[in-house]
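Please take a moment to look over the chain before reading on, and keep the view open while you follow the text.

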Amino acid sequence: MLVRLPSARHSGHLTQRVLNRGSHWDSLQVLKFRNAPLDIHPEVQEALAHNRPVVSLETALVTHGLPLPHCLEVPLAMEANVRASGAVPATIAFLDGRVKVGLERHELERLANRVHNPVKVSRRDVAATIATRKDGGTTCSSTLIFSALAGIKVFATGGMGGVHRGAENSLDISADLHELTRCPVGLVSSGVKSILDIKRTLEYMETLGVPVVAYSETKDFPAFFSPRSGFRVPWNTDNPKIAAEILHEQWRLGMDNGVMFAVPIPESYHEVGETLEQHIAQAIAESEQNGMAKAGNDVTPWLLNRVRELSGGLSLESNIALLKNNALVGGRIAVQYSQLQGTSTTFQPSGLRSVKKDVAVEPNVFQDTAKSPGLSELHPKPANVVVVGCAAIDIIAQGNKEVNPALAPHSTIPGTVNLTLGGVARNIAEAATRVTSTAEPTSVYKSTRILPAVKAAIDEGLTQTPVGHFTPNTLELLEVYEQARSEDYDLMASQWWWSRIDSLSLGTNFRMELEQLSRRSVDDADPSKGTLAFLIDQGIAQIAVHLLPFFQHIWIKCGGNGVVAVMHIPGSVATSTGFARQRSNIAKRCVVAQGRDKDIVVLRHLPALKAESPANVTGAGDSFVGTLVAGIASDGNQIYDPHGLENIVNTAQQAAVLTLQSHEAVSPLLSTMKKL
């Protein structure tokens, strides 16, 4: 592994980041060496690598706990609540015998539909599930295992397992309790499942040395459907920061056990809890009479289903409410924990100075350069755009294709090493130059480093949108959104932001059309890619709209899911554009909304172009951005026409495909494309 040594001023931060990773980093490296069947979703991996908050979620409730359609709707809602709190959800499951930490929607749908007969996976079932290539829903026990392995510090669920009633004779005690003794994870739940022996569970957890903290104003331990079980615990807090500090202090001391945070059910469900407790007692009595009490793993689903029947569905409503609430609480604790650990994503430039409003900028600064010998050759005419950034050397190593690829991770194999010019700014400049005849274009900032300048411009009284074009991928979009509303910038709490959001007048009709769009397939030619539901489920569309006051046009790179363009056309020019006469056309993947002051908001999805035999991913995104920016610099009005928008985005995608098929950082074949 190649490690870049840090400079002196950053070495302290790097040391802290390495320490924060803890032993799970070494464990993951060992698993990687062993080729273990563990897949961490790129979004989760990115968050963990930068100490961003992550909350794990179980899937036994998907495969065994909830009926359709709730077994799909509820986990999606829990993921949405985690995101709403500022954290990244990591739903854990088994698919075809592989452990998945973080799921796509179509994978959740597969588990919820139960067409592959998923099994319920506790610690004892992990290896067998992998060996038999089964799908599986993770219990609290196995979710804790893989949370700890990945370095996820918070896990949110409904109710944890515990000591069953009559366990003094049956010895029926859930593996969840022991798992908390060896997994340093904060488990957020509404206590233990309602059918269990709460008193003996608390006594057993005390014996095991597992801290139990009531997440409320009192020390009352909840009884799942009821906020009070009649038992109290030693500690309580309703502050997510203090909860995070408890986890953090255990980490600082090197303690390997977890912590249970017992969250009472939301207040609006307190009253019905007393009735549900009566139904629980009746269901338990019936199970003892009909023999189900001795049915092992089957007794819990039977009891919960019976309580659901006796309550006429009220228990299901309460269960769903506490699941959603616990996801929100878990996200808040994870955010606070991330701040305690320290993140590596926030950039604060030193000596940042805002531009004064009274500074004159002379136009056409190069127009008289012919009077100075030599300068006219350097600048024959003003540049349309300017590239600000760095160049680098890309090293691309390729093994001989005739050699068995299984040898590559463990041995030296013959191959070739190529050196090419690279670097994001240089790649974008080359791509833009190749597809235009005169432009020397630029990139737009793709990270949170633009936010200090945005804030400074707003504070200086700027009346227009600070940045014209923003080209993030989905992860960068989420990061900028999180930072923009963080305490460091607080850009979305100002009257300036609210007035611009209000002027867009995006109401019920826009949301309905967005929901219709989300049901469209990502690619009509490839149903396996699923639908555009990620626009809503991951908050992509909503977040982009919230960022429009800062970035007038947002071009979201969604990888294999294509490109999403979100544009704000000001009322001063909107009436003369091609979109002035356009209505939303879901068939063409386009939503058009009219604002209060004749402004127009356009959200358009364009499917990804197919790339045959990719050779090198370096520079593909840069080629897309360079071509897009070059086209806008050549004729900025073409994006205001539906056909022009489609043409420029697909041309940029074509440039990315050519680079994907090239061994260069930017494919020379871009020069053969039609000039923009």
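Which residues are linked with Asp39 in a network of salt bridges? The network joins Asp39, Arg98 and Lys100, where a salt bridge is a side-chain nitrogen of Lys or Arg within 4 Å of a carboxyl oxygen of Asp or Glu. This is a predicted model, in which local features need pLDDT of at least 70 and side-chain atom pairs count only at pLDDT 80 or more, while totals for chains, interfaces and linings use all residues. Residues are numbered from 1 along each chain as its sequence is written, and side-chain values use heavy atoms, with hydrogens and water left out.

In the whole structure, a search finds 23 salt bridges. One of them joins Asp96 to Arg110, with the closest N and O atoms 2.8 Å apart. Asp96 sits in the loop between strand 3 (88-95) and strand 4 (98-101), whereas Arg110 belongs to helix 6 (residues 105-113), so that the two are 14 residues apart; here helices (H or I, at least four residues) and strands (E, at least two) are DSSP runs, numbered from the N terminus. Asp96, at 43% relative accessibility, counts as partly exposed, and so does Arg110 at 23%; buried means under 20% relative accessible area, exposed over 50%, and partly exposed in between (1.4 Å probe, protein chains only). Another salt bridge is formed by Arg520 and Asp524, whose closest N and O atoms are 2.9 Å apart; Arg520 is buried at 17%, but Asp524 is exposed at 53%.

The chain as a whole contains 26 helices and 18 strands, and 48% of its 676 residues count as buried. Why can strand 18 (residues 600-606) be called largely enclosed by the rest of the structure? The reason is that seven of its seven residues are buried. On one side these are Ile600, Val602, Arg604 and Leu606, and on the other Val601, Leu603 and His605.

Strand 18 also has neighbours to which it is paired, two strands being paired if DSSP finds at least two bridges between them. Strand 16 (residues 563-569) runs antiparallel to strand 18 and is joined to it by seven bridges, and within this pairing Val564 has His605 as its bridge partner. Strand 17 (residues 590-594) pairs with strand 18 over five bridges, also in the antiparallel sense, with Val592 partnered by Val602. Strand 17 and strand 18 form a hairpin that leaves five residues between them, and Lys598 in the turn has a positive phi of about 70°.
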